[in-house]
Amino acid sequence: MRIRAHGAVVALSVVFVSAAPRGDAAPVNPDLSVIGDIRGLWDDVTEEASIELHEVEIGFVGPVNPYASAEVFLGIHGVDGIEVEEAKLVLDRYFPAGFGLTLGRKLLDFGQLNPVHAHAYPFLDRPLMHQEFFGDDGAADIGARLDWLAPVDAVTLRATAGVVRGDVLAGGHSHEEPAEGEEESEEDPELATTGRVDLFVEASRNVSFLAGGSVLHGSPDAHEPDAKATIACADAKVVCDLGPDRKLVVNAEAMFGTFDATDEAPAVDPRGWFASADLRASKRWNLGGFAGGTDERADDTVHTMRYGGFVGLALMEETTLFRAVVRRTDPDEGDGATEFLLQALFSLGPHRPHRY
Amino acid sequence: MNPFLASLLAAILFAASSTPAAPLRVVAATNDLGAIARAVGGDAIELDVVARPDRDPHSLPVLPSTMRATARADMYLEIGLSLDLWSREIIRGSRNRKLTVVDCSRVITPLEVPVGRVDASQGDVHPEGNPHYWLDPANAVLVAELLAREFAAIDAERATDYEARMTAFRAEIGRRLPEWSERLRGRRFVEFHRSWVYLAARFEMEIAGRVEPLPGIPPSAHHLADLASMIRETNVPIAIRDAYHDPSAMEFLARETGVSTAVLPTSCGEPTPESFLAHFDEIAAVLGAPAAEARP
């Protein structure tokens with residue numbers, strides 16, 4: 001969902017600076033936030049350095065009544081396009097028996113990493129498998145999702161089921177400019193279905209564990225609705241609380257796809273995986289590593305690996321972050337590349353609670 | 001009617017009428033609110049607490065288990081004043097439409113309410129005022145009175161019990177207040193964060209300086225040097241921090257000036273009235289100790 005809006009960055013910045021909260025602020029305003037992601041990049045293939053305004057994200061979050069809330073996140077990539085990353089109404093406390101309903105466009109609860117906005121990743125970009133299966137922005141789509149918090153005592157069990165427009169299975173889009181003659185399909189896709197179950201356990205006062213399974217099913221090609229695709233994801237996260245401001249977070253996810261044959265492509269079963277470990281060593285410093293691999297979505301015989309390390313510094317709380325990443329990408333065919341990335345991330349607006 | 005059946009029916013009716021009402025399920029954002037809730041609710045409430053007392057309440061990760069506890073709760077107690085923004089996330093995630101949410105800050109008079117424009121250049125400032133109000137025992141009494149009313153509103157059967165316990169808690173704080181006051185009045189100290197303004201205001205203490213130049217902003221070397229000079233020149237006897245604050249600044253001040261330093265938690269260790277009162281005893285012992293008097 002893209003809107004071309006030249007010069008939007010400057011215009012919107014003016015609006016939000018003037019809307020900053022005041023001591024006598026009107027309490028009906030939603031929380032406004034702006035996150036800027038500035039990057040420097042060098043790679044050993046071109047041996048050239050570049051710098052870019054990778055993304056500006058603008059968020060509006062607030063209750064719409066005592067039982068529902070709404071969130072809108074706009075992403076500006078470069079200076080030539082605004083994208084609606086998420087725009088959703090959540091009926092949080094409207095239904096009995098632990099049910100909730102989300103309507104609108106959202107990052108799907110497909111694994112644990114997908115619903116997280118990419119600027120929150122210590123390793124900077126979405127895992128390679130997300131990019132390959134869903135595009136640069138991960139799995140996001142418009143639809144309705146029913147969630148349920150099970151009324152059990154010993155563990156936390158949650159389940160979700162949803163129906164989405166189906167764009168997500170078409171492979172998403174890239175932030176790169178489309179090639180000449182290449183156009184996005186205007187045809188409405190078939191509706192797709194999603195589901196997820198996850199289980200949270202506190203093994204001890206300092207160790208907790210969240211594991212889940214997700215599935216997405218539909219038709220990836222609007223022209224051939226009978227050709228179906230199913231993508232499943234298994235995920236796990238362990239968090240070890242090592243003391244005030246110190247913790248170790250280990251994430252692992254694996255994706256399994258099955259795509260029916262179409263007139264233009266054979267049946268494929270692409271796979272992908274990702275794992276990371278992030279040690280928050282103090283309030284200001286964190287470091288870690290990651291590795292992952294993915295088959296090409298259209299050709300499951302072609303595989304690419306990526307691995308690397310990262311270090312982060314919170315200059316002033318979490319409102320000013322600097323991250324450095326070195327990563328190596330090795331495709332089966334062709335030369336690999338080593339990249340050095342530097343990121344400066346700033347955030348304006350209220351601090352949002354940290355998700356698990 | 002068969003005499004046996006009549007007896008059985010009578011026994012069932014008696015048992016039903018004498019079965020105690022189910023406990024009120026309460027989730028408190030912090031141990032301090034939990035302790036006050038326990039003081040008012042006694043055994044008639046089932047209590048869960050979200051924040052660990054040794055973790056910074058300004059930035060708490062939202063665990064799914066806290067949503068589960070809140071999902072079955074009757075009431076959630078918020079600190080308010082934008083301290084526990086994570087509480088809203090927990091309440092939303094609980095999917096509990098029957099939950100009564102009580103913002104405990106609504107009965108206190110906030111201190112340090114900023115005037116005029118508020119933005120991040122002033123640090124992590126709270127637009128509605130300083131949120132560490134539970135560190136004034138008089139505010140704890142106000143919160144206890146509020147909770148007695150709120151508990152009674154959804155559990156009228158035990159209203160007199162709540163009122164009686166609240167009165168006893170208020171009386172106990174009133175009984176201990178003079179002793180705390182005697183030990184703390186006029187004492188001077190350096191704090192790490194703007195945590196102790198309510199305590200200082202209640203007991204006419206002086207906060208001589210702060211490690212953080214602005215709320216939530218780590219100190220520069222220049223700021224610490226100025227603070228050390230001030231401590232030396234005005235003989236500030238003690239500097240305190242919470243367990244989750246960076247110890248290196250305090251170590252620097254102790255090394256440079258000889259000032260006593262102490263880890264003094266801003267939250268009580270357990271969500272019980274005894275722990276809440278003992279926390280003020282500990283505060284009085286640390287800040288009111290002879291060593292904490294102005295050095296010659």
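This is a predicted model: local features need pLDDT of at least 70, side-chain atom pairs count only at pLDDT 80 or more; totals for chains, interfaces and linings use all residues.
Student: Okay, so at roughly what angle do the axes of helix α2 and helix α10 of chain B cross?

Tutor: The axes of helix α2 (residues 31-41) of chain B and helix α10 (residues 273-287) of chain B cross at roughly 125 degrees, and they come within 7 Å. Because of that angle, α2(B) is oblique to α10(B).

Student: And is the crossing left-handed or right-handed?

Tutor: The crossing in which α2(B) passes α10(B) is left-handed.

Student: Which residues make the contact?

Tutor: From α2(B) the contact draws on B:Asp32, B:Ala35, B:Ile36, B:Arg38 and B:Ala39, while α10(B) contributes B:Pro273, B:Ser275 and B:Phe276. Sorted by class, the contact of α2(B) with α10(B) has 5 nonpolar, 1 polar and 2 charged residues.

Student: Switching to the strands, in what order do the 4 strands of the open sheet in chain B come?

Tutor: The order in chain B is β2-β1-β4-β5, and the pairing in this open sheet is parallel. At the edges are β2 (45-49) and β5 (100-103) of chain B, each of which pairs on one side only. On average, neighbouring strands of this sheet are turned by 20 degrees against each other, direction ignored.

Student: Over how many bridges do β1 and β4 of chain B pair?

Tutor: Strand β1 (residues 24-28) of chain B and strand β4 (residues 75-78) of chain B pair over 3 bridges, in the parallel sense. Within this pair of strands, B:Val27 stands opposite B:Tyr76 in β4(B).

Student: Which strands does helix α5 of chain B lie across?

Tutor: Helix α5 (residues 137-154) of chain B lies across β1, β4 and β5 of chain B, and α5 runs at about 170 degrees to β5(B).

Student: Last topic: what domains does the assignment give for chain B?

Tutor: The domain assignment of chain B gives domain 1 (21-177) and domain 2 (179-292), and the C-alpha centres of these two domains of chain B lie 24 Å apart. Their contact takes 33 residues from domain 1 of chain B and 30 residues from domain 2 of chain B.

Student: Where does the largest share of the domain 1 side come from?

Tutor: On the side of domain 1 of chain B that touches domain 2 of chain B, the largest share, 7 residues, comes from α2(B). The residues of that side divide into 15 nonpolar, 8 polar and 10 charged.

Conventions. Residues are numbered from 1 along each chain as its sequence is written. Chains are lettered from A and ligands numbered from 1 in the order in which they are written. Axes are lines fitted to C-alpha atoms, for helices over the stretch in contact, and angles run from 0 to 180 degrees between N-to-C directions. Helices (H or I, at least four residues) and strands (E, at least two) are DSSP runs, numbered from the N terminus. Angles under 35 degrees count as roughly parallel, over 145 as roughly antiparallel, 65 to 115 as roughly perpendicular and the rest as oblique. A crossing is left-handed if the near helix is turned anticlockwise from the far one by less than a right angle, and right-handed if clockwise. Two residues are in contact if their C-beta atoms, placed from the backbone, lie within 7 Å. Ala, Val, Leu, Ile, Met, Phe, Trp, Tyr, Cys and Pro count as nonpolar, Asp, Glu, Lys and Arg as charged, and the others, Gly among them, as polar. Two strands pair if DSSP finds at least two bridges between them. Domain bounds come from an automatic or database domain assignment.
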